[in-house]
Amino acid sequence: MSAEYDVVILGYSETGIYAAIAAARKRARVAIVAQNCQPKFPHVHILSNLTKKLDQVNRSRSFFNSEVRSLSFESIQHYMNVVDRSHQEFYDPAKLATLGIEFIPGAGEFCRKPQTGFVVNGRLLRSSAYLIAKDYRSAIPDPPGLSSVNYLTADQLLLRVPESIAIIGDDPIGIEFAQLYARLGSRVTMLLRQPHLLTMADPEAAFLVQAALEAEGIRIINALHIKQIQQVGPKKAIEIENYTIEADELLVTVGWQPMISDLNLEAMEIYEPIQLNDRLQTNHPRVYWIAHPVQSIARYQTDVVLKNLTSLPIFKVDYDRAIQSVATEPECAWIGLNESQAHRRYRKDVLVLRQPFSPLMQAQITGETTGLCKLIVRRSGEILGAHIVGSGAIEMINAISLAMSENLKVQCFERFSPASPAMSEVLRNAAQEWQASTRNQFLQDLRESYLAWQRGRVK
(Lines give C-alpha, C1' and ligand atoms only; values in the text may rest on other atoms or scores of the structure.)
Protein backbone atom coordinates (compact mmCIF):
# COMPACT_ATOMS: atom_id res chain seq x y z
CA MET A 1 0.00 0.00 0.00
CA SER A 2 1.49 3.33 -1.07
CA ALA A 3 2.00 6.27 1.25
CA GLU A 4 -0.74 8.89 1.48
CA TYR A 5 1.60 11.74 2.48
CA ASP A 6 5.18 12.82 1.96
CA VAL A 7 5.43 13.90 5.61
CA VAL A 8 3.12 13.73 8.61
CA ILE A 9 4.04 16.25 11.30
CA LEU A 10 3.23 15.26 14.85
CA GLY A 11 2.58 18.37 16.91
CA TYR A 12 0.59 21.53 16.20
CA SER A 13 3.36 23.59 17.78
CA GLU A 14 5.30 26.63 16.54
CA THR A 15 7.94 24.28 15.14
CA GLY A 16 5.37 21.90 13.67
CA ILE A 17 3.53 24.70 11.87
CA TYR A 18 6.81 26.12 10.55
CA ALA A 19 7.72 22.66 9.25
CA ALA A 20 4.30 22.16 7.64
CA ILE A 21 4.40 25.50 5.81
CA ALA A 22 8.00 24.98 4.65
CA ALA A 23 7.22 21.45 3.39
CA ALA A 24 4.07 22.61 1.57
CA ARG A 25 6.10 25.30 -0.19
CA LYS A 26 8.39 22.55 -1.43
CA ARG A 27 5.31 20.91 -2.99
CA ALA A 28 5.20 18.07 -0.48
CA ARG A 29 1.89 16.53 0.57
CA VAL A 30 1.61 17.38 4.25
CA ALA A 31 -0.61 16.58 7.22
CA ILE A 32 -0.19 17.99 10.72
CA VAL A 33 -1.67 16.24 13.75
CA ALA A 34 -2.58 18.43 16.74
CA GLN A 35 -1.26 15.88 19.27
CA ASN A 36 -2.26 17.99 22.29
CA CYS A 37 -0.13 20.94 21.13
CA GLN A 38 -0.98 24.58 20.63
CA PRO A 39 1.27 27.34 19.25
CA LYS A 40 2.47 29.43 22.16
CA PHE A 41 3.15 33.12 22.11
CA PRO A 42 6.17 34.14 24.24
CA HIS A 43 4.44 36.49 26.68
CA VAL A 44 7.71 37.14 28.48
CA HIS A 45 8.97 38.90 25.35
CA ILE A 46 6.00 41.30 25.40
CA LEU A 47 6.63 42.20 29.03
CA SER A 48 10.38 42.49 28.41
CA ASN A 49 9.73 44.89 25.55
CA LEU A 50 7.42 46.98 27.73
CA THR A 51 9.92 47.14 30.58
CA LYS A 52 12.60 48.24 28.10
CA LYS A 53 10.34 51.11 27.09
CA LEU A 54 9.69 51.89 30.75
CA ASP A 55 13.43 51.97 31.40
CA GLN A 56 14.01 54.24 28.40
CA VAL A 57 11.32 56.65 29.57
CA ASN A 58 12.69 56.80 33.11
CA ARG A 59 16.24 57.34 31.82
CA SER A 60 14.88 60.31 29.85
CA ARG A 61 12.71 61.72 32.65
CA SER A 62 14.92 64.78 33.00
CA PHE A 63 13.50 65.95 29.65
CA PHE A 64 9.87 65.67 30.82
CA ASN A 65 7.71 67.05 33.60
CA SER A 66 6.36 63.66 34.71
CA GLU A 67 7.66 60.16 35.34
CA VAL A 68 6.29 56.72 34.49
CA ARG A 69 6.59 54.75 37.69
CA SER A 70 4.88 51.43 36.98
CA LEU A 71 3.00 49.32 34.46
CA SER A 72 -0.73 48.62 34.53
CA PHE A 73 -0.98 44.84 34.56
CA GLU A 74 -4.67 44.97 33.65
CA SER A 75 -3.84 46.88 30.47
CA ILE A 76 -0.87 44.61 29.79
CA GLN A 77 -3.03 41.49 30.11
CA HIS A 78 -5.51 42.96 27.63
CA TYR A 79 -2.70 43.86 25.23
CA MET A 80 -1.20 40.37 25.47
CA ASN A 81 -4.59 38.80 24.76
CA VAL A 82 -4.99 40.97 21.65
CA VAL A 83 -1.51 40.05 20.40
CA ASP A 84 -2.11 36.39 21.21
CA ARG A 85 -5.36 36.33 19.19
CA SER A 86 -3.65 38.01 16.26
CA HIS A 87 -0.80 35.51 16.51
CA GLN A 88 -3.23 32.57 16.53
CA GLU A 89 -4.98 33.86 13.40
CA PHE A 90 -1.79 33.41 11.39
CA TYR A 91 -1.78 29.71 12.34
CA ASP A 92 -5.50 29.05 11.89
CA PRO A 93 -6.10 25.58 10.37
CA ALA A 94 -8.23 27.18 7.65
CA LYS A 95 -5.26 29.28 6.54
CA LEU A 96 -3.03 26.22 6.56
CA ALA A 97 -5.58 24.46 4.35
CA THR A 98 -5.15 27.16 1.69
CA LEU A 99 -1.51 26.04 1.45
CA GLY A 100 -2.58 22.43 0.95
CA ILE A 101 -1.83 21.38 4.55
CA GLU A 102 -4.32 18.99 6.14
CA PHE A 103 -4.92 19.69 9.80
CA ILE A 104 -5.98 16.67 11.83
CA PRO A 105 -7.35 17.41 15.33
CA GLY A 106 -6.93 15.00 18.19
CA ALA A 107 -4.02 12.82 19.25
CA GLY A 108 -2.79 9.46 18.04
CA GLU A 109 0.05 6.99 18.27
CA PHE A 110 2.33 4.86 16.14
CA CYS A 111 1.28 1.34 15.31
CA ARG A 112 3.04 -1.63 13.72
CA LYS A 113 0.06 -3.84 12.82
CA PRO A 114 -1.74 -4.41 10.57
CA GLN A 115 0.41 -1.81 8.77
CA THR A 116 3.10 0.56 9.92
CA GLY A 117 1.74 4.07 10.38
CA PHE A 118 0.24 6.61 12.74
CA VAL A 119 -3.31 6.09 13.96
CA VAL A 120 -5.42 9.10 14.95
CA ASN A 121 -9.20 9.21 15.39
CA GLY A 122 -9.38 5.63 14.10
CA ARG A 123 -7.63 6.61 10.85
CA LEU A 124 -4.31 5.18 9.71
CA LEU A 125 -1.94 7.78 8.30
CA ARG A 126 0.71 6.32 6.02
CA SER A 127 3.58 8.58 5.07
CA SER A 128 7.05 8.49 3.58
CA ALA A 129 8.25 10.18 6.76
CA TYR A 130 7.03 11.25 10.17
CA LEU A 131 8.38 14.37 11.86
CA ILE A 132 8.02 14.72 15.64
CA ALA A 133 7.62 18.41 16.49
CA LYS A 134 5.91 18.37 19.86
CA ASP A 135 6.08 21.01 22.57
CA TYR A 136 8.52 20.92 25.46
CA ARG A 137 7.73 21.51 29.13
CA SER A 138 9.93 22.88 31.86
CA ALA A 139 12.33 20.36 33.35
CA ILE A 140 12.00 20.02 37.10
CA PRO A 141 15.12 19.36 39.21
CA ASP A 142 14.97 17.37 42.42
CA PRO A 143 16.64 19.40 45.20
CA PRO A 144 15.39 18.34 48.65
CA GLY A 145 12.14 20.03 49.58
CA LEU A 146 11.22 21.54 46.19
CA SER A 147 8.00 19.53 45.99
CA SER A 148 6.92 20.89 49.39
CA VAL A 149 6.69 24.53 48.22
CA ASN A 150 4.76 26.33 45.52
CA TYR A 151 7.05 27.40 42.70
CA LEU A 152 6.83 28.85 39.20
CA THR A 153 8.28 27.49 35.95
CA ALA A 154 9.12 29.14 32.64
CA ASP A 155 5.69 28.04 31.34
CA GLN A 156 4.04 30.44 33.78
CA LEU A 157 3.98 34.23 33.94
CA LEU A 158 3.38 35.97 37.27
CA LEU A 159 1.29 39.05 36.53
CA ARG A 160 2.14 40.78 39.77
CA VAL A 161 5.37 42.10 41.20
CA PRO A 162 6.69 40.12 44.18
CA GLU A 163 8.88 41.96 46.63
CA SER A 164 11.59 39.34 46.06
CA ILE A 165 12.06 36.38 43.76
CA ALA A 166 14.72 33.67 43.55
CA ILE A 167 15.47 32.00 40.22
CA ILE A 168 17.08 28.56 40.14
CA GLY A 169 18.88 27.81 36.90
CA ASP A 170 20.64 29.65 34.09
CA ASP A 171 18.43 28.81 31.12
CA PRO A 172 18.19 31.86 28.79
CA ILE A 173 14.50 32.39 29.57
CA GLY A 174 15.38 32.49 33.27
CA ILE A 175 17.83 35.29 32.54
CA GLU A 176 15.11 37.19 30.68
CA PHE A 177 12.71 36.71 33.61
CA ALA A 178 15.39 37.95 36.02
CA GLN A 179 15.79 41.26 34.22
CA LEU A 180 12.03 41.57 33.74
CA TYR A 181 11.19 41.27 37.45
CA ALA A 182 14.17 43.42 38.48
CA ARG A 183 12.93 46.25 36.28
CA LEU A 184 9.44 45.87 37.71
CA GLY A 185 10.87 46.46 41.18
CA SER A 186 11.54 42.99 42.62
CA ARG A 187 14.73 42.01 44.42
CA VAL A 188 16.05 39.22 42.20
CA THR A 189 18.52 36.51 43.16
CA MET A 190 19.77 34.03 40.55
CA LEU A 191 21.16 30.69 41.73
CA LEU A 192 23.39 29.21 39.03
CA ARG A 193 24.55 25.65 38.61
CA GLN A 194 27.42 26.87 36.40
CA PRO A 195 30.42 29.16 37.07
CA HIS A 196 28.74 32.06 35.22
CA LEU A 197 25.77 32.97 33.06
CA LEU A 198 25.41 31.69 29.49
CA THR A 199 28.12 29.04 29.57
CA MET A 200 27.15 28.05 26.03
CA ALA A 201 28.13 31.53 24.78
CA ASP A 202 31.57 33.08 24.43
CA PRO A 203 32.80 33.90 27.98
CA GLU A 204 33.63 37.51 27.09
CA ALA A 205 30.07 38.12 25.85
CA ALA A 206 28.56 36.21 28.78
CA PHE A 207 30.50 38.25 31.34
CA LEU A 208 29.33 41.48 29.72
CA VAL A 209 25.68 40.37 30.03
CA GLN A 210 26.25 39.28 33.63
CA ALA A 211 27.86 42.63 34.49
CA ALA A 212 24.89 44.48 32.96
CA LEU A 213 22.42 42.43 35.05
CA GLU A 214 24.43 42.92 38.23
CA ALA A 215 24.51 46.67 37.53
CA GLU A 216 20.69 46.58 37.64
CA GLY A 217 20.83 45.07 41.11
CA ILE A 218 20.36 41.40 40.25
CA ARG A 219 22.24 39.18 42.70
CA ILE A 220 23.97 36.24 40.98
CA ILE A 221 25.22 33.36 43.13
CA ASN A 222 26.95 30.15 42.07
CA ALA A 223 24.90 27.51 43.88
CA LEU A 224 26.21 24.19 42.62
CA HIS A 225 24.51 22.36 45.48
CA ILE A 226 21.15 23.23 47.03
CA LYS A 227 20.84 21.54 50.42
CA GLN A 228 17.20 22.23 51.20
CA ILE A 229 14.14 24.21 50.10
CA GLN A 230 11.34 24.84 52.54
CA GLN A 231 8.46 27.17 53.30
CA VAL A 232 9.19 29.51 56.20
CA GLY A 233 6.08 31.57 56.87
CA PRO A 234 5.16 33.46 53.69
CA LYS A 235 8.62 33.02 52.17
CA LYS A 236 10.57 30.25 50.45
CA ALA A 237 13.91 29.49 52.09
CA ILE A 238 16.68 28.02 49.89
CA GLU A 239 19.62 26.68 51.84
CA ILE A 240 22.89 26.70 49.87
CA GLU A 241 26.37 26.02 51.12
CA ASN A 242 26.75 28.08 54.31
CA TYR A 243 23.77 30.42 54.16
CA THR A 244 20.09 30.69 53.26
CA ILE A 245 18.29 32.76 50.62
CA GLU A 246 14.72 33.85 51.35
CA ALA A 247 12.27 35.02 48.69
CA ASP A 248 8.55 35.58 48.25
CA GLU A 249 8.49 33.61 44.99
CA LEU A 250 10.62 30.84 43.49
CA LEU A 251 11.10 30.38 39.74
CA VAL A 252 12.73 27.20 38.36
CA THR A 253 14.34 27.42 34.89
CA VAL A 254 16.76 24.54 34.49
CA GLY A 255 15.95 23.54 30.92
CA TRP A 256 13.24 21.67 29.06
CA GLN A 257 12.06 18.12 28.57
CA PRO A 258 10.14 16.66 25.60
CA MET A 259 6.53 15.49 25.80
CA ILE A 260 6.63 12.41 23.59
CA SER A 261 5.37 9.65 25.89
CA ASP A 262 1.96 9.59 24.13
CA LEU A 263 3.37 8.65 20.71
CA ASN A 264 3.91 4.92 21.41
CA LEU A 265 7.39 5.08 19.89
CA GLU A 266 8.01 1.51 21.05
CA ALA A 267 5.79 0.35 18.19
CA MET A 268 8.47 1.67 15.82
CA GLU A 269 11.20 0.09 18.00
CA ILE A 270 12.33 3.51 19.19
CA TYR A 271 13.33 3.44 22.84
CA GLU A 272 14.56 6.06 25.28
CA PRO A 273 17.06 7.58 25.44
CA ILE A 274 16.34 8.36 21.80
CA GLN A 275 19.42 8.45 19.61
CA LEU A 276 19.51 10.71 16.54
CA ASN A 277 21.96 10.63 13.66
CA ASP A 278 23.34 13.77 12.01
CA ARG A 279 20.26 13.86 9.73
CA LEU A 280 17.97 13.89 12.78
CA GLN A 281 16.64 10.41 12.10
CA THR A 282 15.78 8.12 14.99
CA ASN A 283 16.80 4.47 14.73
CA HIS A 284 13.72 4.10 12.52
CA PRO A 285 14.77 5.77 9.24
CA ARG A 286 11.30 7.18 8.51
CA VAL A 287 10.87 8.89 11.88
CA TYR A 288 12.60 12.24 12.44
CA TRP A 289 12.63 14.37 15.58
CA ILE A 290 13.10 18.10 16.03
CA ALA A 291 14.90 17.73 19.31
CA HIS A 292 15.48 21.26 20.54
CA PRO A 293 13.18 23.68 22.42
CA VAL A 294 14.90 26.87 21.19
CA GLN A 295 13.02 28.14 18.13
CA SER A 296 16.06 29.29 16.15
CA ILE A 297 17.75 25.89 16.49
CA ALA A 298 14.49 23.98 15.99
CA ARG A 299 13.89 25.81 12.72
CA TYR A 300 17.43 25.12 11.60
CA GLN A 301 16.90 21.42 12.33
CA THR A 302 13.59 21.52 10.44
CA ASP A 303 15.29 23.02 7.37
CA VAL A 304 17.87 20.20 7.36
CA VAL A 305 15.17 17.51 7.67
CA LEU A 306 13.06 18.98 4.87
CA LYS A 307 16.05 19.27 2.54
CA ASN A 308 16.67 15.56 3.02
CA LEU A 309 12.99 14.65 2.54
CA THR A 310 12.53 16.67 -0.66
CA SER A 311 15.88 15.93 -2.31
CA LEU A 312 18.80 13.56 -1.88
CA PRO A 313 19.36 12.79 1.85
CA ILE A 314 22.86 14.25 1.98
CA PHE A 315 22.37 17.18 4.35
CA LYS A 316 23.65 17.01 7.92
CA VAL A 317 23.20 19.28 10.91
CA ASP A 318 26.07 21.62 11.62
CA TYR A 319 25.36 23.51 14.82
CA ASP A 320 28.10 25.99 14.01
CA ARG A 321 25.51 27.53 11.67
CA ALA A 322 22.70 27.74 14.26
CA ILE A 323 21.87 31.05 15.93
CA GLN A 324 21.25 31.41 19.66
CA SER A 325 20.15 34.54 21.47
CA VAL A 326 18.94 36.01 24.75
CA ALA A 327 16.46 38.91 24.68
CA THR A 328 17.94 40.83 27.59
CA GLU A 329 19.05 44.44 27.49
CA PRO A 330 21.69 44.54 26.16
CA GLU A 331 20.74 41.74 23.79
CA CYS A 332 23.12 38.83 23.36
CA ALA A 333 23.33 36.69 20.22
CA TRP A 334 25.89 34.30 18.84
CA ILE A 335 26.63 31.82 16.09
CA GLY A 336 29.50 29.47 15.36
CA LEU A 337 32.69 28.90 17.31
CA ASN A 338 33.82 30.86 20.33
CA GLU A 339 37.41 32.01 20.73
CA SER A 340 38.76 28.94 22.56
CA GLN A 341 37.01 26.51 20.20
CA ALA A 342 38.43 28.32 17.17
CA HIS A 343 41.99 28.25 18.55
CA ARG A 344 41.70 24.52 19.32
CA ARG A 345 40.52 23.77 15.80
CA TYR A 346 42.61 26.21 13.71
CA ARG A 347 45.47 27.05 16.10
CA LYS A 348 47.38 30.11 14.86
CA ASP A 349 45.16 30.67 11.84
CA VAL A 350 42.65 32.67 13.92
CA LEU A 351 42.05 36.39 14.30
CA VAL A 352 39.75 37.86 16.94
CA LEU A 353 38.14 41.16 15.94
CA ARG A 354 36.67 43.19 18.83
CA GLN A 355 34.66 46.33 18.25
CA PRO A 356 32.89 48.16 21.11
CA PHE A 357 29.56 49.92 20.57
CA SER A 358 30.55 53.04 22.52
CA PRO A 359 32.15 54.95 19.57
CA LEU A 360 29.03 54.47 17.39
CA MET A 361 26.98 57.61 16.83
CA GLN A 362 23.71 55.68 17.17
CA ALA A 363 24.83 54.26 20.51
CA GLN A 364 25.67 57.76 21.72
CA ILE A 365 22.29 59.11 20.60
CA THR A 366 20.26 56.34 22.26
CA GLY A 367 22.49 56.02 25.32
CA GLU A 368 22.99 52.29 24.61
CA THR A 369 26.77 52.33 24.66
CA THR A 370 27.19 48.98 26.43
CA GLY A 371 28.03 46.53 23.68
CA LEU A 372 30.65 44.46 21.93
CA CYS A 373 30.89 42.87 18.50
CA LYS A 374 33.37 40.01 18.55
CA LEU A 375 34.06 38.21 15.28
CA ILE A 376 36.20 35.06 15.14
CA VAL A 377 37.75 34.73 11.68
CA ARG A 378 40.56 32.97 9.89
CA ARG A 379 43.34 35.05 8.37
CA SER A 380 41.72 34.53 4.97
CA GLY A 381 38.60 36.30 6.27
CA GLU A 382 36.46 33.17 6.67
CA ILE A 383 33.97 33.78 9.49
CA LEU A 384 34.13 31.07 12.15
CA GLY A 385 31.88 32.66 14.75
CA ALA A 386 30.28 35.87 15.93
CA HIS A 387 29.30 36.97 19.42
CA ILE A 388 27.43 40.25 19.81
CA VAL A 389 26.22 41.98 22.95
CA GLY A 390 24.33 45.23 22.55
CA SER A 391 21.30 46.92 21.08
CA GLY A 392 20.27 45.24 17.82
CA ALA A 393 22.49 42.19 18.40
CA ILE A 394 19.76 39.73 17.35
CA GLU A 395 19.16 41.55 14.05
CA MET A 396 22.90 41.80 13.33
CA ILE A 397 23.54 38.12 13.99
CA ASN A 398 21.04 37.31 11.24
CA ALA A 399 23.17 39.24 8.75
CA ILE A 400 26.27 37.34 9.87
CA SER A 401 24.40 34.04 9.61
CA LEU A 402 23.51 34.90 6.01
CA ALA A 403 27.15 35.73 5.25
CA MET A 404 28.30 32.42 6.76
CA SER A 405 25.66 30.37 4.90
CA GLU A 406 26.73 31.98 1.60
CA ASN A 407 30.43 31.48 2.45
CA LEU A 408 31.06 35.21 2.35
CA LYS A 409 34.15 36.48 4.13
CA VAL A 410 34.41 39.23 6.69
CA GLN A 411 35.69 41.66 4.07
CA CYS A 412 32.18 41.71 2.53
CA PHE A 413 31.10 43.95 5.43
CA GLU A 414 33.82 46.44 4.49
CA ARG A 415 32.39 46.75 1.00
CA PHE A 416 28.86 47.79 1.99
CA SER A 417 27.88 51.27 3.10
CA PRO A 418 25.31 51.04 5.91
CA ALA A 419 22.74 53.70 6.65
CA SER A 420 24.14 56.04 9.27
CA PRO A 421 23.82 56.44 12.15
CA ALA A 422 23.15 52.75 12.82
CA MET A 423 24.34 50.08 15.22
CA SER A 424 25.22 47.83 12.27
CA GLU A 425 28.15 50.14 11.47
CA VAL A 426 30.02 48.04 14.01
CA LEU A 427 30.22 45.23 11.41
CA ARG A 428 32.02 47.49 8.97
CA ASN A 429 34.36 48.62 11.74
CA ALA A 430 35.21 44.96 12.43
CA ALA A 431 35.91 44.36 8.74
CA GLN A 432 38.22 47.37 8.67
CA GLU A 433 40.01 45.99 11.72
CA TRP A 434 40.57 42.75 9.77
CA GLN A 435 41.92 44.76 6.81
CA ALA A 436 44.37 46.56 9.09
CA SER A 437 45.57 43.35 10.79
CA THR A 438 46.19 41.50 7.52
CA ARG A 439 47.51 44.43 5.53
CA ASN A 440 50.30 43.60 3.09
CA GLN A 441 53.10 46.02 3.96
CA PHE A 442 54.56 45.96 0.43
CA LEU A 443 51.20 46.94 -1.08
CA GLN A 444 50.79 49.67 1.52
CA ASP A 445 54.23 51.08 0.69
CA LEU A 446 53.35 50.90 -3.00
CA ARG A 447 50.06 52.76 -2.39
CA GLU A 448 51.85 55.42 -0.37
CA SER A 449 54.41 55.91 -3.15
CA TYR A 450 51.61 56.18 -5.72
CA LEU A 451 49.84 58.87 -3.69
CA ALA A 452 53.12 60.78 -3.27
CA TRP A 453 53.62 60.59 -7.04
CA GLN A 454 50.08 61.94 -7.59
CA ARG A 455 50.77 64.87 -5.27
CA GLY A 456 53.97 65.63 -7.16
CA ARG A 457 52.04 65.94 -10.44
CA VAL A 458 49.86 68.74 -9.11
CA LYS A 459 51.04 72.02 -10.60
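**The nonpolar cores and cysteines of a predicted model**

Good morning. In this predicted model, the largest nonpolar core contains 35 residues, and those with the most contacts inside it are Phe177, Val188, Met190, Leu197, Leu198 and Ile218. A nonpolar core here is a set of buried Ala, Val, Leu, Ile, Met, Phe, Trp, Tyr and Cys residues joined through side-chain atoms within 4.5 Å. Buried means under 20% relative accessible area, exposed over 50%, and partly exposed in between, with a 1.4 Å probe and protein chains only.

Which elements build this core? At least two residues each come from α2 (43-59), α3 (73-90), β10 (164-168), α5 (172-183), β11 (187-192), α6 (203-215) and β20 (332-336). The largest share, seven residues, is supplied by α5. Helices (H or I, at least four residues) and strands (E, at least two) are DSSP runs, numbered from the N terminus.

Let us look at one core member. Leaving aside residues up to four places away in sequence, Leu197 touches Asp170, Ile175, Met190, Leu192, Ala206, Gln210, Leu213 and Ile220; contact means heavy atoms within 4.5 Å. A second, separate core has 32 residues, including Ile21, Ala28, Val30 and Tyr91. As general background, nonpolar side chains in soluble globular proteins tend to be buried together.

A word on conventions. Residues are numbered from 1 along each chain as its sequence is written. Local features need pLDDT of at least 70 and side-chain atom pairs count only at pLDDT 80 or more, while totals for chains, interfaces and linings use all residues; side-chain values use heavy atoms, with hydrogens and water left out.

I turn to the protein as a whole. Its secondary structure comes to twelve helices and 23 strands, and its C-alpha trace spans about 95 × 65 × 45 Å along the principal axes. Of its 459 residues, 47% count as buried. Among contacts with a separation of 6 or more, 64% are between residues 24 or more positions apart.

Finally, the cysteines. How many disulfides does the structure hold? The number is zero, a disulfide being a pair of cysteine sulfur atoms within 2.5 Å. Cys37 is in no disulfide, and the nearest cysteine sulfur, that of Cys111, is 20 Å away. Cys37 is also buried, at a relative accessible area of 6%. Cys373 counts as buried, with 0% relative accessibility.

Thank you.
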